[in-house]
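Some notes follow on the model you sent. Please read them alongside the coordinates.

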Amino acid sequence: FSKENCHLCEDLKKVIKKVNQEIPFEISEIDITKDEELFEKYKYEIPVVHIDGLIAFKYRITEEEFRKKLKSRSK
């Protein structure tokens, strides 16, 4: 989940896209500003990344940490 004008979101998208080049996975982005329920739930916790429907992490993550998360969820 992301929102407009979010620098953390933009930084995280770069990490996700770079890792996606090495480890292919489906990326789906939802802008919470367009969904009242999601906005109320996550407005102070953006960006949030879910892997297989479970929150994997919030805010910032390095490429290496993200790779580890992906690998641990794929087992």
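Which residues does Arg67 touch, not counting those up to four places away in sequence?

1. This is a predicted model, and the points below should be read with that in mind. With residues up to four places away in sequence set aside, Arg67 touches Val19, Glu22 and Ile23.

2. Arg67 sits in helix α3, which spans residues 63–73. Its relative accessibility is 14%. Because buried means under 20% relative accessible area, Arg67 counts as buried.

3. The largest nonpolar core has 11 residues: Leu12, Val15, Ile16, Val19, Val49, Ile51, Ala56, Phe57, Ile61, Phe66 and Leu70. Two or more residues of this core come from each of α1 (7–22), β1 (48–51), β2 (54–58) and α3. Helix α1 gives the largest share, four residues. Val19, a member of this core, is also one of the residues that Arg67 touches.

4. Ala56 belongs to the largest nonpolar core. Beyond its neighbours within four places in sequence, Ala56 is in contact with Val49, His50, Ile51, Lys69 and Arg73. Another core, of eight residues, lies apart from the largest one, and includes Phe1, Ile32, Leu38 and Val48. As a general remark, nonpolar side chains tend to be buried together in soluble globular proteins.

5. On the cysteines: Cys6 has a relative accessible area of 9% and is buried. Cys9 is buried too, with a relative accessible area of 2%. How many disulfides does a search of the whole structure find? The search finds zero.

Notes. Residues are numbered from 1 along each chain as its sequence is written. This is a predicted model: local features need pLDDT of at least 70, side-chain atom pairs count only at pLDDT 80 or more; totals for chains, interfaces and linings use all residues. Side-chain values use heavy atoms; hydrogens and water are left out. Buried means under 20% relative accessible area, exposed over 50%, partly exposed in between (1.4 Å probe, protein chains only). Contact means heavy atoms within 4.5 Å. A nonpolar core is a set of buried Ala, Val, Leu, Ile, Met, Phe, Trp, Tyr and Cys residues joined through side-chain atoms within 4.5 Å. A disulfide is a pair of cysteine sulfur atoms within 2.5 Å.
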